[in-house]
Amino acid sequence: MEKFTFLNGIYQEVHEKSAQVKHILSENGYAYAYGFHNNDSIKANGVFVTEYYPIPVFVVSGIGDIGIDIHNTWFEAALPKEKALRFDYTKILGFYDFELYGAIHFLVDLYSPRMRAPDIVKNIENSGDQDFHLLFNFGESLDAKGLLEVISLFAA
């Protein structure tokens with residue numbers, strides 16, 4: 001019963017955030033699929049670790065994925081190389097906590113916080129990957145406004 005109580009305490013918060021995301025997406029007219037996924041790789045204190053436990057993930061049709069972890073809510077968009085090269089990084093630099101990595105070489109960071117937009121584009125050009133992921137971290141709290149702003153960057 002101790003493990004049950006412990007896990008339920010953690011997952012109750014995840015469940016409540018999931019309900020908020022469902023409401024946000026529905027209220028704003030976004031179609032989505034919903035499920036639980038495990039084995040994500042995340043960066044914790046600069047080191048990649050595997051999450052063996054399942055987390056709720058919303059696949060927002062044609063836009064990207066929203067994940068709700070025990071320590072972070074995130075949005076991730078997948079971009080083919082040409083789209084990643086044309087993306088306006090000035091819209092997100094200094095405004096959002098984000099990561100950029102290739103689909104194949106996902107353990108290689110293509111962005112670090114002090115980079116400028118031309119440096120990011122150069123890293124994409126020099127990458128052997130043909131598809132890229134932009135992942136936005138929102139931390140433990142659910143920032144509905146920020147989440148909707150980021151989704152809107154990829155909704156067009």
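Reader: How do you know that the reach of helix 1 from its first C-alpha to its last is close to what is expected?

Author: This is a predicted model, in which local features need pLDDT of at least 70 and side-chain atom pairs count only at pLDDT 80 or more, whereas totals for chains, interfaces and linings use all residues. Residues are numbered from 1 along each chain as its sequence is written, and side-chain values use heavy atoms, with hydrogens and water left out. Helices (DSSP runs of H or I, at least four residues) and strands (E, at least two) are numbered from the N terminus. Helix 1 covers residues 2-27, which is 26 residues, and the expected span of a helix is 1.5 Å times one less than its number of residues. The expected value is therefore 38 Å, and helix 1 reaches 38 Å.

Reader: What makes you speak of a kink in helix 1, and where is it centred?

Author: The bend at a residue is the angle between axes fitted to the seven residues ending there and the seven starting there. In helix 1 the kink is about 25° and is centred on Tyr11.

Reader: Why is Tyr11 called partly exposed?

Author: Buried means under 20% relative accessible area and exposed over 50%, with partly exposed in between (1.4 Å probe, protein chains only). Tyr11 has a relative accessible area of 23%, so it is partly exposed. Leaving out residues up to four places away in sequence, Tyr11 touches Tyr53 and Pro54, where contact means heavy atoms within 4.5 Å.

Reader: Which residues of helix 1 are buried, and what covers them?

Author: Val14, Lys17, Ser18, Val21, Ile24 and Leu25 are buried in helix 1. Their cover includes strand 1 (32-37), strand 4 (55-60), strand 5 (64-68), strand 6 and helix 4 (144-154). Just after helix 1, Gly29 takes a positive phi of about 75°.

Reader: Is Glu76 buried or exposed, and why?

Author: Glu76, which is found in strand 6, has 15% relative accessibility and therefore counts as buried. Beyond its neighbours within four places in sequence, Glu76 is in contact with Gly64, Asp65, Tyr101, His133, Leu134 and Leu135.

Reader: Why are His37 and Ser61 both given the label partly exposed?

Author: His37, in strand 1, has a relative accessible area of 39%, so it is partly exposed. Apart from neighbours within four places in sequence, His37 is in contact with Tyr53, Pro54, Ile55 and Val57. Ser61, in the loop between strand 4 and strand 5, is at 47% relative accessibility and so counts as partly exposed. Ser61 touches Ala31 and Tyr32, not counting residues up to four places away in sequence.

Reader: What is meant by the largest pocket, and how much space lies in it?

Author: On a 1 Å grid over the protein atoms alone, a pocket is an open set of points where a 1.4 Å probe fits, with protein on both sides within 12 Å along at least five of seven lines, and lining residues have an atom within 4 Å of a point. Grid points are joined across faces, edges and corners, and a volume is the space filled by probe spheres set on the points. By that definition, about 640 Å³ of space lies in the largest pocket. Of the 23 residues that line the largest pocket, Ser41, Ile42, Glu99, Tyr101 and Leu135 are the closest to its centre.

Reader: Which strands each supply at least two residues of that lining?

Author: They are strand 2 (40-44), strand 6 (73-80), strand 7 (97-102) and strand 8 (131-137).
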